[in-house]
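Colleague: I would like to learn how to read aromatic contacts. Please take me through them step by step.
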Amino acid sequence: MSLVFRPLVPTDAERLAGFLAGLSSESRRFSGYDGHDLAAAQELCAAIARYDKLRLVLEEEASARIVGLLEFSLSLPEGDVERYRKAGIPLDEETDCRFGLTLADDYQGKGLATLVFPLVCDVARRLGKRRIILWGGVLADNPCAIRFYEKNGFQRVGPFTGPDGHASLDMILDLGSSSVLTAPGGEA
């Protein structure tokens, strides 16, 4: 199956709504989106070029079905800055960004995230970033995601309790020391 990795565009709202609505309750809990319907998808699409966000999608080429949503935030919330500072890691909006990834349930556990992650690193570098932190951290009870991030060079920073009361873990990737430096067939 061929996939396309591209920016989210305003005309994606209905297909993005299908992606969000199709997420299992477990995937919804891990993703942290405020909604999983057409209104939520329209808001994500309406925010294109309005904020500090860059949203990308993975789309099945043949069906045009969205099977993944990848998000970058180029601003750092004060809560993140403070948590990392307390851990001895000063963050800087010039060099650091936040990243989050959600895949459709039927695409999870098949190596797709590992395949696309070098492209994620390339996007961050093209944006002038040297480090990536996880958007909202990763829930402590999501061992598959923690393993994925560690396998791809992220280092544990420390635990914290999120605004929703759930135990989470901050993680950071230094793109200069990452073992994930190139996309398949690409150059660093």
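Colleague: Is F117 buried or exposed?

Modeller: F117 is buried, at a relative accessible area of 1%. Buried means under 20% relative accessible area, exposed over 50%, and partly exposed in between, with a 1.4 Å probe and protein chains only. F99 is buried too, at 0%. This is a predicted model: local features need pLDDT of at least 70, side-chain atom pairs count only at pLDDT 80 or more, and totals for chains, interfaces and linings use all residues. Residues are numbered from 1 along each chain as its sequence is written, and side-chain values use heavy atoms, leaving out hydrogens and water.

Colleague: How many aromatic pairs does the structure hold?

Modeller: A pair of aromatic rings is described by the distance of the centres and the angle of the planes. Rings of Phe, Tyr and Trp (its six-membered ring) pair if their centres lie within 6.5 Å; planes under 30 degrees apart are stacked, over 60 edge-to-face, the rest tilted. The structure holds six such pairs. For F99 and F117, the centres are 6.1 Å apart and the planes at 70°, so the pair is edge-to-face.

Colleague: Which rings does the cluster contain?

Modeller: Ring pairs link F72, F99, F117, F148, Y149 and F154. F148 and Y149 have centres 5.1 Å apart and planes at 65°, so they too are edge-to-face. F148 is buried at 12%, and Y149 is buried at 8%.

Colleague: Where does the charged end of R98 sit?

Modeller: A charge sits over a ring if NZ of Lys or CZ of Arg is within 6 Å of the ring centre and within 35 degrees of the ring normal. The charged end of R98 is over the ring of W135, 4.5 Å from its centre. R83 lies over the face of F160, 3.7 Å from the ring centre.
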